[in-house]
Amino acid sequence: MSLRKTNGFSELTDAIEAGIASGCYSPGTQLPSMREYAYIYKLSLGAVQRGIDYLCQKGLLERRARCGVFVRASQQQPGNLRITVLVDDLRFAQGTYMRYVMLGIQDAALLANVAIELRGLPIWLPDERRAALLELPRYHNHSDALIFLGNFDSLGGMPIHCPAVGVEMHDRYQGNLSTISLDSNQAAELAADYFTTHRIGHVKIFSPEAKINRERARCFQSIWPDSELNPECDFSDLECGYLFTGGSDCDRAAKQYREQHGRLLVADRYVLSMDGKSEYVPAMEPMNVIFPDWQQAGTMALQEALRRLSSPGSASCRIGMNVKLVLQKEAKT
């Protein structure tokens, strides 16, 4: 039996490890006092002490004389680290939410003294061709870690030779990839609250085939049985609710609706979009959205890459970001 299970501090150590993995506790962060932890987790000071000792032995924390306990920085020299960010297309990324993710990555890299290199992986190529490109030295040579940003869920196989993190991805590729996206369960609950507030019964779901979108649809359907996946955007039912699991598809449908009817879709129907790209891209149609902080997603991606670099062989993880619901002033009430 493990030390921490025997001594009963697993809840504490699991929470601290999760905080480090999610970026809540970044390298160099000072942790709360042992008395605070003892009060929060109903533990003795001795049990908290042993839990902290356990995480220090794992290399996650360090004690500083007369200062307290801190999240340990990378054992590698940050100034020597190079992380490559792969995006669908650099020109395309500059005009989308990806720009904010990259700002988060770059700000965090600056603070950590890490070199960042951006490379595009053309989205118009077949998936098997894009996967083959990743084998080329220019995509991974001299990189200590990789961050994938964009539509990389459908490659089938992905040659990963170093710690890797995927933003807005669902497929972890046999556990080799850490993923960061909005919390699908929390998003589903917010959507259900919205439709309940407006006394909606039936909800039509519009979702691309991508794994990350179908996971969002699955989570919503698990708590809203009176819902169905629809292959086409039909807004003829005035009493129905409409849920998009991706912002790009929602924007196309909203633009088409405005062209046909001369009105905003969000003003005429009870409609929601998950991922909130319209909040970041001015050219997109106004929409009720459920979305995370995409710049924070970039920060979390860089921190997760550093976490895995600081603990060679550490497991990848799936990180769900907190989300919020924002309703447009033009929204149907």
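How many of the residues of strand S5 are buried? The count is 5 of 5, so S5 is mostly covered, where buried means under 20% relative accessible area, exposed over 50% and partly exposed in between, with a 1.4 Å probe and protein chains only. Before going further, keep in mind that this is a predicted model, in which local features need pLDDT of at least 70 and side-chain atom pairs count only at pLDDT 80 or more, while totals for chains, interfaces and linings use all residues. Residues are numbered from 1 along each chain as its sequence is written, and side-chain values use heavy atoms, leaving out hydrogens and water.

Back to S5. Ala145, Ile147 and Leu149 point one way, Leu146 and Phe148 point the other way, and all are buried. In a regular strand, side chains alternate between the two faces of the sheet. Strands here are DSSP runs of E with at least two residues, helices are runs of H or I with at least four, and both are numbered from the N terminus.

Now for the neighbours. S5 belongs to an open sheet of 6 strands in the order S4-S3-S5-S6-S7-S13, with parallel pairing; two strands pair if DSSP finds at least two bridges between them. Strand S4 (115–120) and strand S13 (318–321) sit at the edges, each pairing on one side only. On average, neighbouring strands are turned by 20 degrees against each other, direction ignored. S3 and S5 share 5 bridges in the parallel sense, with leucine 146 of S5 as the bridge partner of threonine 84. Leucine 146 also stands opposite alanine 164 in S6, and S5 and S6 pair over 4 bridges, again parallel. Over on the S4 side, strand S3 (residues 82–87) pairs with S4 over 6 bridges, and leucine 86 stands opposite arginine 119 in S4.

Helix H13 (residues 294–310) lies across S3, S4, S5, S6, S7 and S13, running at about 165 degrees to S6. Axes are lines fitted to C-alpha atoms, for helices over the stretch in contact, and angles run from 0 to 180 degrees between N-to-C directions.

Next, the aromatics. Rings of Phe, Tyr and Trp (its six-membered ring) pair if their centres lie within 6.5 Å; planes under 30 degrees apart count as stacked, over 60 as edge-to-face and the rest as tilted. By this rule the model has 16 aromatic pairs. Take phenylalanine 9 and tyrosine 54: their centres are 6.1 Å apart and their planes at 50 degrees, so this pair is tilted. Phenylalanine 9 lies in the loop between helices H1 and H2 and tyrosine 54 in helix H4, so the pair ties together parts that are 45 residues apart in sequence. Phenylalanine 9 is buried at 0% relative accessibility, and tyrosine 54 is buried at 17%.

Phenylalanine 235 and tyrosine 257 make an edge-to-face pair, 6.0 Å centre to centre with 90 degrees between the planes.

How far should you trust the details? The protein averages a pLDDT of 83, and 85% of the residues score at least 70; pLDDT is the predictor's confidence in each residue, from 0 to 100. Over residues 1–6 pLDDT stays under 50, and the model has 9 contacts (heavy atoms within 4.5 Å) beyond four places in sequence for them. Where pLDDT is low, the predicted coordinates should not be read in detail.
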